[in-house]
Amino acid sequence: MRFHVLTLFPHSFPGPLGDSILGMACQRGLISIQVTDVRDYTHDAHGTADDYQFGGGPGMVMKPEPIFESVESVLADLAPADRTEAQVILMSPQGEVFNQRMAQDLARSTDLVFICGHYAGVDERVRQHLVTREVSIGDFVLTGGELAAMAMIDTISRLAPGVVGSMHNVEHDSISSGLLQHPLYTRPAKFRNMEVPAILRSGHHAQIEQWRRRESLQRTLERRPGMLDAAQLTGEDLEYLRSLGYNQA
Ligand SMILES: C[S@@+](CC[C@H](N)C(=O)[O-])C[C@H]1O[C@@H](n2cnc3c(N)ncnc32)[C@H](O)[C@@H]1O
């Protein structure tokens, strides 16, 4: 899986993507993150990549020419089949909101190109004629698309085979599993008078699984009840949820 990031601030990368699990995934060649400085595709002596808005108004707008040329340059380096399949994603607070389902969908692509906006945003012609997808990471406004692209790359990379130790871990994560995950504990068993629940140290695997499932259901009911409508629930799950006051929609 190859990520191509187009930005006016290339030194922001790899940032956290260079550490830990994703840093190792890059070293092992499971993913690659190529960063392109959009300013390298400007044609004047000052490297002008942004300009005033037509019609007046606050903030500078990123010019279309360097963005089109940098995307075209990235795509030109790909094999023809990969070029056709590549997704060009504009980071934007106006886009469809990113979630785990979209991450799973994008993880099927070999090449993902991220355009990071900055200042007041990018020229509208980029959105209309260059991108295949416009994506927001949530209903808030960042100063630039770099952190948003990093959040997406991190999430999608975890789904690439071999990046996280076992796919089992990924499938049991909150959201991915359809529920919020149960509480996690590690050693010591007792810390400042706070004890790990005895059941987790009992060695009774079936009872541990039941405890975890119930904690997961309770957490989801308390924090994200809407998720339960789409979750795959057994009769036993429903019985437990009803005992907690859940009324199925
Ligand atoms: C200050 S924002 C521009 C917002 C723009 N004026 C608007 O109202 O839609 C600058 C850049 O940050 C990025 N950005 C800001 N918030 C974002 C979000 N929630 N998700 C993804 N990208 C975001 C986009 O690339 C955007 O072009």
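1. Start with the pocket: the ligand takes up the space of the largest pocket. Keep in mind while reading on that this is a predicted model.

2. Who is around the ligand? The shell has 20 residues, and the closest ones are Met-91, Gln-94, Ala-120, Phe-140 and Leu-142. By residue class, the shell splits into 10 nonpolar and 10 polar residues, with no charged ones. If you're setting up a scoring run, that's the make-up of the shell to have in mind: nonpolar and polar residues, and no charged ones.

3. A ligand oxygen sits 2.6 Å from a polar backbone atom of Met-91. Gln-94 uses its side chain instead: an N or O atom there is 2.8 Å from an oxygen atom of the ligand. With Phe-140 we're back to the backbone, where a polar atom lies 2.8 Å from a nitrogen atom of the ligand. As for cover, the ligand on its own exposes 580 Å², and the protein buries 81% of that.

4. Which strands supply at least two residues each to the shell? They are strand E5, spanning 87-97, and strand E8, spanning 133-136. E5 gives the most, with four residues of the shell around the ligand.

5. Next, an open sheet. Three strands make it up, in the order E3-E4-E7, with mixed pairing. Strand E4, residues 61-62, pairs with E7 in the parallel sense, over two bridges. At residue level, Met-62 has Val-122 in E7 as its bridge partner.

6. Two cis peptide bonds deserve a look before you do anything with the backbone. One runs from Phe-13 to Pro-14, with omega near 0°. That proline, Pro-14, is in the loop between strand E1 (2-7) and helix H1 (20-27). Another joins Arg-187 and Pro-188, and here omega is about 5°. Pro-188 is also a loop residue, placed between helix H7 (167-171) and strand E9 (190-191).

7. One more backbone point: what is the phi of Tyr-119? The value is near 60°, which is positive in a residue other than glycine. Where does Tyr-119 lie? Its place is the loop between strand E6 (111-115) and E7.

How values were computed. Residues numbered from 1 in each chain as written. Predicted model: local features only at pLDDT ≥ 70, side-chain atom pairs only at ≥ 80, totals over all residues. Heavy atoms only, no water. Near = heavy atom within 4 Å. Polar contact = N/O pair within 3.5 Å; in protein donor to acceptor, adjacent residues only side chain to side chain. Areas by Shrake-Rupley, 256 points an atom, 1.4 Å probe, with all protein chains shown as cover. 1 Å grid on protein atoms, 1.4 Å probe; cavity = no way out; pocket = protein on both sides within 12 Å on 5 of 7 lines; lining within 4 Å. Sits in = over half its atoms within 2 Å of the grid points. Nonpolar A, V, L, I, M, F, W, Y, C, P; charged D, E, K, R; others polar. Pairing = 2+ DSSP bridges.
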